[in-house]
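Biologist: Could you walk me through this one and tell me what the labels rest on?
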Amino acid sequence: MTGEYQYWENVPTRWKDNDVYGHVNNVVHYSLMDTVINEWMIRTAGFDPATSPSIGLCVESHCEYKAEVAFPDTIRVGLRIGKLGRSSVRWEVGMVRASDGAPIAEGHFVHVFVDRDTRRPVEITGPVRTEMEKLIP
């Protein structure tokens with residue numbers, strides 16, 4: 001799984017991520033996907049969510065769980081782009097346990113970029129698109 005993603009980030013789990021069953025709760029996986037995607041957009045593509053004239057709205061998400069993970073594990077989160085359209089992008093995310101590379105989960109988010117005010121779809125352009133193209137396998 002590790003060779004399939006163009007960008008990787010290590011994310012430590014937190015004590016509060018564990019649920020009553022003793023493993024990281026499923027909502028944390030979605031939060032990790034959203035966080036890594038947005039952090040990549042801000043740090044790598046120069047996207048400013050507070051001032052950009054366009055914003056990405058999540059219109060679809062999915063996660064397939066492969067194995068349990070628990071605090072104090074570190075999760076290695078991989079990111080690639082499965083499809084880049086005119087105004088939408090399908091982010092694909094893989095998660096592995098950092099200590100042994102065991103697959104934890106795979107998922108995707110679809111963002112549609114819209115005008116901040118009108119909420120109408122807009123083209124993905126400029127540095128954001130240029131950087132996104134680098135994540136296409």
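Modeller: Let's begin with Asp-17, which is buried, at a relative accessible area of 4%.

Biologist: Why is Asp-17 called buried?

Modeller: Buried means under 20% relative accessible area, exposed means over 50%, and partly exposed is in between (1.4 Å probe, protein chains only). Asp-17 has 4%, so the label is buried. Before we go on: this is a predicted model, where local features need pLDDT of at least 70, side-chain atom pairs count only at pLDDT 80 or more, and totals for chains, interfaces and linings use all residues. Residues are numbered from 1 along each chain as its sequence is written, and side-chain values use heavy atoms, with hydrogens and water left out.

Biologist: Where does Asp-17 lie, and what is it in contact with?

Modeller: Asp-17 is in the loop between strand S1 (7-12) and helix H1 (26-43). Helices (H or I, at least four residues) and strands (E, at least two) are DSSP runs, numbered from the N terminus. Contact means heavy atoms within 4.5 Å. Neighbours within four places in sequence aside, Asp-17 is in contact with His-23, Val-24, Asn-25 and Val-28.

Biologist: What makes Tyr-5 and Trp-8 an edge-to-face pair?

Modeller: Rings of Phe, Tyr and Trp (its six-membered ring) pair if their centres lie within 6.5 Å; planes under 30 degrees apart count as stacked, over 60 as edge-to-face and the rest as tilted. The count by this rule is four aromatic pairs. For Tyr-5 and Trp-8 the centres are 5.6 Å apart and the planes at 80 degrees, so edge-to-face it is. Tyr-5 is buried, at 5%, and Trp-8 counts as buried too, at 18%.

Biologist: And how do you know that Trp-15 and Phe-71 are edge-to-face?

Modeller: Their ring centres are 5.8 Å apart and their planes at 85 degrees, so the pair gets that label. The pair links distant parts of the chain, 56 residues apart. Trp-15 counts as exposed, at 66%, while Phe-71 is partly exposed, at 32%.

Biologist: What order do the strands of the sheet take?

Modeller: Two strands pair if DSSP finds at least two bridges between them. Five strands form an open sheet in the order S1-S3-S4-S5-S2, with antiparallel pairing.

Biologist: Why do S1 and S2 stand at the edges?

Modeller: S1 and S2 each have a single partner strand, so one side of each is left without a neighbour in the sheet. S1 is joined to S3 by six bridges, and Asn-10 stands opposite Arg-76 in S3.
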